[in-house]
Amino acid sequence: MKPYIHLNSAMTADGKIATKDSTLKISGHDDLIRVHNLRKKYDAIMVGINTILIDNPRLSIHKIDSKKEDNPTRIVIDSSARTPLDSKVLNDDADTIIITSDKAEKEDIKRLSKKAIVFSVGDDKVNLAEAMDKLYEMGISSILLEGGATLNYSMLEERLVDKISVCIGSKILGGKDSVTLVDGKGFDKEECVKLEIEDYYQLDNDIVIEYNVLY
Ligand SMILES: NC(=O)c1ccc[n+]([C@@H]2O[C@H](COP(=O)([O-])OP(=O)(O)OC[C@H]3O[C@@H](n4cnc5c(N)ncnc54)[C@H](OP(=O)(O)O)[C@@H]3O)[C@@H](O)[C@H]2O)c1
C-alpha cells in the first residue's frame, strides 16, 4: 500500500516552474492561499533536495489562519543526506522525514537524525516506490508533492502520482535554463502520462487545472 499522492505546482504558460535564480513569483496571492488550504488536507508535503537547497522553503501552513498542529509532516528526498542543518524545513513547525539512500555517509545521517526522522531506501538514488510503502506503514496516507522537476519526473515514471494540479500563471519565461514542471529523461509516445481533466477555474489572472492521472 502507498499513500495517495497529489502533485501540485505553479508554472508559467510555457511550463516553467522557476527562473534560474528561482526569484520569480509565478502565480498570484489567491493561488498561494489555495496551496496553503491544500496543505491542510494532507498528512505530508514532499520535495526533492534541490528545492530545499535553492528555495529553502518552510513547507508549513503560514499564509492562512492555522494552528501548529495543522502543519503536515515535511518529507525531503535526499540520497546523500545533504539537507543543511539550518534549513527552514528542519525548524520546529512540524516533524520532518529525510529519506536517503545507502550512499549517504553515516556521519551525515547521524547529524540529521538530531532534527529529523531519517531512513534509507535504495542503493544510489532513493527508491521511491519502497519509500512510499514505508511512509504508508508509518501512518502517512496522503502526500502533497511540491516538486521540483526532477522528483516530479521520477514520481510519474514510477507511476506513484494519483492527481496533478497546476496553477498556470499568465507569464512566459522561454529559454532552456529554467526548469519545467517535469524534467528527467522524458517519456516516449507509448509511455507518456495520460491525464483526465477533473476541474478548472480562474484565480486572479491565473488558471488552475486539476487532473486525474490515468497512466
Ligand atoms: N513552481 C513551483 O511550484 C515549484 C515547486 C518546487 C520547486 N520548484 C523549483 O524546482 C527547482 C528544483 O527542481 P530540481 O529538478 O532541480 O530538483 P528537485 O526535484 O527538487 O530535487 C531533485 C533531487 O532529488 C534527489 N533524488 C533522490 N532520489 C531521487 C529519485 N529517485 N528521483 C528524483 N530525484 C531524487 C536527487 O539529488 P540527490 O541525488 O543528491 O539526492 C535529485 O537531484 C527549483 O528551482 C525550485 O524553485 C518550483
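This short talk goes through a predicted model of a protein with its ligand, beginning at the ligand and moving out to the cores and a few backbone details.

Two points on conventions before I start. The model is predicted, so local features need pLDDT of at least 70 and side-chain atom pairs count only at pLDDT 80 or more, while totals for chains, interfaces and linings use all residues. Residues are numbered from 1 along each chain as its sequence is written, and side-chain values use heavy atoms, with hydrogens and water left out.

Let me begin with the ligand. There are 26 residues around the ligand, and those that come nearest are Ser22, Thr51, Ser79, Lys125 and Thr150; a residue is taken as near if one of its heavy atoms lies within 4 Å of the molecule. Sorted by class, this shell holds 11 nonpolar, 10 polar and 5 charged residues, where Ala, Val, Leu, Ile, Met, Phe, Trp, Tyr, Cys and Pro count as nonpolar, Asp, Glu, Lys and Arg as charged, and the others, Gly among them, as polar.

A polar side-chain atom of Ser79 lies 2.6 Å from an oxygen atom of the ligand. On the nitrogen side, a ligand nitrogen atom is 3.0 Å from a polar backbone atom of Val126, and a nitrogen atom of the ligand is 2.7 Å from an N or O atom in the side chain of Ser154. Taken alone, the ligand exposes 930 Å², and the protein buries 87% of that; accessible areas come from the Shrake-Rupley method with a 1.4 Å probe, and for residues only the protein chains shown count as cover.

Which elements give two or more residues to the shell around the ligand? They are strand E1 (4-12), helix H2 (49-55) and helix H5 (149-157), the helices being DSSP runs of H or I with at least four residues and the strands runs of E with at least two, numbered from the N terminus. Of the elements, H2 gives the most, with 5 residues.

Asn152, which sits in H5, counts as buried because its relative accessible area is 1%. The side chain of Asn152 reaches the backbone oxygen of Leu181 at 2.8 Å, and, not counting residues up to four places away in sequence, Asn152 touches Leu7, Leu145, Gly147, Leu181 and Val182, contact meaning heavy atoms within 4.5 Å.

Now the nonpolar interior. A nonpolar core here is a set of buried Ala, Val, Leu, Ile, Met, Phe, Trp, Tyr and Cys residues joined through side-chain atoms within 4.5 Å. The largest core has 33 residues, and Ile75, Ile99 and Met155 have the most contacts inside it. A second, separate core of 14 residues includes Leu59, Val89, Ile98 and Leu112. Phe119, in strand E5 (residues 117-120), is buried at a relative accessible area of 8%, and among its contacts beyond four places in sequence are Ile97, Ile98, Ile99 and Leu135.

Finally, the backbone. Most residues other than glycine have a negative phi, and most peptide bonds are trans. Here a cis peptide bond joins Gly147 and Gly148, with omega about 0°, and Gly148 is found in the loop between E6 and H5. H5 is followed by Arg159, whose phi is positive, near 55°. Ala81 also has a positive phi, of about 55°, although it is not a glycine; Ala81 lies in the loop between E3 and strand E4 (96-100) and is buried, with a relative accessible area of 1%. Tyr215, in the segment after strand E9 (206-213), has a positive phi of about 60°, and with a relative accessible area of 22% Tyr215 is partly exposed.

Note on methods: Polar contact = N/O pair within 3.5 Å; in protein donor to acceptor, adjacent residues only side chain to side chain. Buried < 20%, exposed > 50% of the residue type's maximum accessible area, 1.4 Å probe, protein only.
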